[in-house]
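This report describes selected features of one structural model. The sequence and the structure are shown first, and the discussion follows.

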Amino acid sequence: MLRDKILGGLYGQALGDAWGMPAYFDPDQTWAAYGGWITDFLPGPADHPVHYGLPAGRITDDSEQAFSLARAFIEHGGVTLEASVEAIITWYDRVGGDTSPYVGPSTRRGVQALKRGDDPRTTGTWGDTNGAPMRISPVGLLHPGDPLGAVADAEIACVPTHNTNVAISGACAVAAAVAVAMVEGATLDGVIAAGIMGAELGRSKGRIWLGPSVARRIQMAVDIARGSGDERTRLRRIYDEIGTSLSVPETVGAAFGVLAMAGGDPRQTAIYAANLSGDADTVGAIACAIAGAFKGMAAIDPAIARCLDADEVFAAYHVPQIADGLLGLIERKG
């Protein structure tokens, strides 16, 4: 059962990422372009400013970085600063990070400082964007039923590139939510509450940085998601009032909003994230990693899994082997 949850979290991460990849930056543009909802894996449209030319079902940096972290944790026997540095540099070099459009500003700044030989405890002090929460789900997967342990390790994983309180707050929210989602019999309200708790704890860590409360944005987004109005009205409110930019409170808040709106179902969460638009692949990756851990791999349509398995980038990470490695780490700790 635990392996099912781990697989669900890993495949969920990729599901939300690839489903949101073809979305545009505004809901009206997305809805107009696709004649309604994005209800399947689609290729990146030719006029997309970032994802043009990508095939349907292609994962992006969100999942690649998460899987790179997971592999490094397995190799190092747990979450360490060294593993986190190794993972992010390995991924960065693989994609040609100095010129790649898929590298976020905080990650690029942090990695370039690491490559200069700067102390990894200081290289992330300017990292305030959403790279930390988008890739943190493996930390939560390593801590089933232990959100406080997930929060502690999430901080370690953030330090090299995102050592600010706003980024750590967002990462801790996601890691804590995944940790609670791993528990058999967990409720969605319990998962959301863990995310809010993680956000509050994470806000006291790292360099103090500008930004609204991640915890408050999560609660606001969940309230909108569960409020009145049809689906499009509620999504539009999340877009307008919470936001879907690279800002951590926006991305993480919106992710919990679509998770709540979908009742924790992975595919429906992906649909809402994609049609929310903006940084939809990141919102989807975060939200569906939580949903996948919550519902387990059994809740992910086998046809979706086959589409992901067929993607050469996803396949290169050997995700089932990652699941086995994470499970082994948990069992050795346990």
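At what angle do helix H9 and helix H15 pack, and how far apart are their axes?

## Packing of H9 and H15

In this predicted model, helix H9 (residues 165-181) packs with helix H15 (residues 280-295) at an angle of about 20°, and the two axes are 8 Å apart. Because angles under 35 degrees count as roughly parallel, H9 is roughly parallel to H15. The crossing in which H9 passes H15 is right-handed.

On the H9 side, the residues that meet H15 are Val174, Ala177, Val178 and Ala181; on the H15 side, they are Ile286, Ile290, Ala293 and Phe294. The residues of this contact between H9 and H15 comprise 8 nonpolar, no polar and no charged.

## Overall architecture

The secondary structure of the protein chain consists of 18 helices and 0 strands. The C-alpha trace spans about 50 × 45 × 40 Å along its principal axes.

The protein chain has 334 residues, of which 61% count as buried. Among contacts in the chain between residues at least 6 apart in sequence, 72% join residues at least 24 apart.

## Aromatic pairs

A pair of aromatic rings is described by the distance of the centres and the angle of the planes. The count for the model comes to 8 aromatic pairs. For Phe67 and Phe314, the ring centres are 5.8 Å apart and the planes stand at 75°, so the pair is edge-to-face.

Phe67 and Phe314 are both buried. They also belong to a cluster linked by ring pairs, in which Tyr11 and Tyr317 are the other members.

When neighbours within four places in sequence are left aside, Thr269 is in contact with Val258, Leu259, Ala262, Gly264, Ala287, Cys288 and Ala291. A further distance concerns Ala255, which is 14 residues from Thr269 along the chain: the C-alpha atoms of Thr269 and Ala255 are separated by 8.8 Å.

## Loop residues with positive phi

Which loop holds Ser277? Ser277 is found in the loop between H14 and H15. Its phi is near 75°, a positive value in a residue other than glycine. Ser277 counts as buried, with a relative accessibility of 0%.

His318 lies in the loop between H17 and helix H18 (319-333). Phi of His318 is near 50°, again a positive value in a residue other than glycine. With a relative accessible area of 43%, His318 is partly exposed, whereas Ser277 is buried.

Notes
Residues numbered from 1 in each chain as written. Predicted model: local features only at pLDDT ≥ 70, side-chain atom pairs only at ≥ 80, totals over all residues. Heavy atoms only, no water. Axes fitted to C-alpha atoms, helices over the stretch in contact; angles between N-to-C directions. Helix = DSSP H or I, 4+ residues; strand = E, 2+ residues; numbered from the N terminus. Parallel < 35°, antiparallel > 145°, perpendicular 65-115°, else oblique. Left-handed = near helix turned anticlockwise from the far one by under 90°. Contact = heavy atoms within 4.5 Å. Nonpolar A, V, L, I, M, F, W, Y, C, P; charged D, E, K, R; others polar. Phe/Tyr/Trp six-rings, centres within 6.5 Å; stacked < 30°, edge-to-face > 60°. Buried < 20%, exposed > 50% of the residue type's maximum accessible area, 1.4 Å probe, protein only.
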